[in-house]
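Please look over the sequence and the model shown below before reading on.

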Amino acid sequence: MFSYSITYECNGEVFSSDKRETPHFRIKDSFLQGRFTADMITKNDIRIKEFKVIFPYYYKKDSVVFINGYQSWTDSREYFTSEKMSGFSKWKKWVLTKPINAHTGLCRSGDAFFCKYPKGRGEFFGYSYGYVRNDENIDLFASLNESSGYTIVCFDVKKSSVTAEKDFDGVTFRGNSRLIDFVHLNGGYDEVFDKWFEMMNIQCRQTEKKCGYTTWYNYYGNVDENIVKRDLKALSALPEKVDIFQIDDGYQRCIGEWLHHDEKKFPSGMKKLADEIHNNDMLAGLWLAPFAATKNSFIYKEHKDWLVHYDNGKLYPAGANWGGFYAIDFYNQDAAKYIRKVFDTILNDWGYDMVKLDFLYAACIVPMHNKSRGQIMCEAMDFIRDCVGDKLILGCGVPLMPSFGKVDFCRVGADVALEWKHNPYGIREDVSTPNTINCSVFRRGLNGRAFMNDPDVFLLRDNNIKMSFEQRKLIAEINSVFGSLLFVSDNVSQYSREQLEVFLDTIHKRDVKILKAGICKNDIIRVEYLLNGFEKTLQFNYKNGTVI
């Protein structure tokens, strides 16, 4: 039926067990109609190093397995059972984790530093949920609650098993504790996802698609006030309404100082620009990374106690962006007070309607305060929603399940690159057009249930891009079918007639119903859907962006 594998530490000694009861604790479990729960009862201080529940499962020859990556940017797709899961090679992990690179924060956006990757073919793992697809029949294996710790769902074809493993790193248990709440659901794709969200009692905060613009994928950090005004004017002249105009990274003085804009690049100030966006009948959006701070910020210079540290007191690097940055510990009362002030100023004083919150994974970069990474991330998202109130949140760079029902929109893939190129040597969170296309297709079960999916931008311009126009059109079609936040990052006044027609068609709010979508052979994805009641088929190679 199922079995346990438990490794734990008690009174300084490490023990292993496959039993419900040991001299140090007792587990009370239940397995009814596919739902499995387990509670631990102990009078001792217990640190669980490994907790696995192993369920038998028979894989068919033509089964495919979907794995959900650690966070928004992590590659997530369906695999054939004969494949080997993409991840770190030994040499790459050795290079990235060398002591000389420790201060850079390289690869801290993923799970490589705390999760052991499978090595063989037919071995896969993901976070919070995953499924086995047999033709159009889905066996969904999913967590119902991540507040105690992340649930790692492992599929092993050779061992004919599915394993639910919990990440309890950093937590000492005592008393009564819920360890896991896990479910196996069988049925059609929409059927099992509907049932999963019903069991979690989670509802999507938004119900309508929106379209918009972001400054990032054309100007990156080189954006300024003149660019914003020019592209805003071009969008406002279109015959189709654009819902949101978002100013991305580059307006602030530095990462962590969100209340101080770059006065040379934005002399009018951020409130003035929000007013101008509103005057053009659009919602105003602003990017920030609320849990990040760089060395040139006042936080680093004056409040290092706000930042996450190693046990030895040294600061813990959270990522390599902007020359390296550190994570803010939102449990620190003064740090939390500052973050609240930031949101109050941006949303209420400056008047922005939506915040794109990026690099959110930094909140749970290490377990701390006797809390697991999953518990910290869940509490961080509760904190963020409380700060923002009823305004819109676009989440990004965030582990997904802690965001369910808490953000309005959420990125579900990596950043789109300016070329269609697959990099087999990159980390799983790298900028990658093929990876984000996969995520758009295979994380579609979250769209309209957990939040409205943001598939990232589509780009139609001719300058500053290395994709063919056919590839650009393919991304636009995929985004319009699978996405609910359709953003562009072009100066639309430079569009040709054909580009303008594709743009307007993409952002037009159409009735789309996905009938089937999946991997059908090596690197080939096939999609069948209804567009305004008419059947459509799309088949393409996700690695090179060619329609078949």
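Two strands are said to pair if DSSP finds at least two bridges between them, and the helices (H or I, at least four residues) and strands (E, at least two) named here are DSSP runs, numbered from the N terminus. This is a predicted model, in which local features need pLDDT of at least 70 and side-chain atom pairs count only at pLDDT 80 or more, while totals for chains, interfaces and linings use all residues. Residues are numbered from 1 along each chain as its sequence is written, and side-chain values use heavy atoms, with hydrogens and water left out.

With strand β12 (residues 173-187), β4 pairs antiparallel over nine bridges, and I41 stands opposite N176 in β12. With strand β11 (residues 161-166), β4 pairs antiparallel over six bridges, and here I54 stands opposite T163 in β11.

## A sheet of four strands

Which order do the strands of the open sheet follow? The four strands are arranged as β26-β27-β28-β29, and their pairing is antiparallel. At the edges are β26 (512-521) and β29 (546-547), each of which pairs on one side only. Strand β28 (residues 534-541) pairs with β29 in the antiparallel sense over two bridges, and F540 stands opposite V547 in β29. In a regular strand the side chains alternate between the two faces of the sheet.

## Two buried residues

A residue is called buried under 20% relative accessible area, exposed over 50%, and partly exposed in between (1.4 Å probe, protein chains only). A142, which belongs to strand β9 (residues 137-143), is buried because its relative accessible area is 0%. Setting aside neighbours within four places in sequence, A142 is in contact (heavy atoms within 4.5 Å) with S128, Y129, D181, F182, V183 and W196.

T294 sits in the loop between β18 (292-293) and α6 (298-302), and T294 counts as buried because its relative accessibility is 4%. Not counting residues up to four places away in sequence, T294 touches C254, I255, Y300, W322, G324 and F325.

## Two loop residues with positive phi

Most residues other than glycine have a negative phi, and most peptide bonds are trans. N201, although not a glycine, has a positive phi of about 55 degrees; N201 lies in the loop between α2 (189-200) and β13 (210-214), and counts as exposed because its relative accessibility is 67%.

D281 is another residue other than glycine with a positive phi, in this case near 60 degrees. The place of D281 is the loop between α5 (270-279) and β17 (283-288), and D281 is exposed, with a relative accessible area of 54%.

## Cysteines

A disulfide is a covalent bond between the sulfur atoms of two cysteines. In this report a disulfide is counted where a pair of cysteine sulfur atoms lies within 2.5 Å, and by this rule the count comes to zero disulfides. C107 is in no disulfide, and the nearest cysteine sulfur, that of C115, is 12 Å away; C107 itself counts as buried, at 7% relative accessibility. C204 is likewise in no disulfide, the nearest cysteine sulfur being that of C410, 11 Å away, and C204 is buried with a relative accessible area of 16%.

## Cavities

A cavity is found on a 1 Å grid over the protein atoms alone, as a set of points where a 1.4 Å probe fits but cannot get out, and lining residues have an atom within 4 Å of a point. Grid points are joined across faces, edges and corners, and a volume is the space filled by probe spheres set on the points. How many cavities of 30 Å³ or more does this rule give? The count comes to four, and the largest cavity has a volume of about 50 Å³.

The lining of the largest cavity is made up of T214, Y217, Q246, D248, K356, L394, R411, D454, D456, V457 and F487. These lining residues divide into four nonpolar, two polar and five charged, where Ala, Val, Leu, Ile, Met, Phe, Trp, Tyr, Cys and Pro count as nonpolar, Asp, Glu, Lys and Arg as charged, and the others, Gly among them, as polar.

Note on methods: On a 1 Å grid over the protein atoms alone, a cavity is a set of points where a 1.4 Å probe fits but cannot get out, and a pocket is an open set with protein on both sides within 12 Å along at least five of seven lines; lining residues have an atom within 4 Å of a point.
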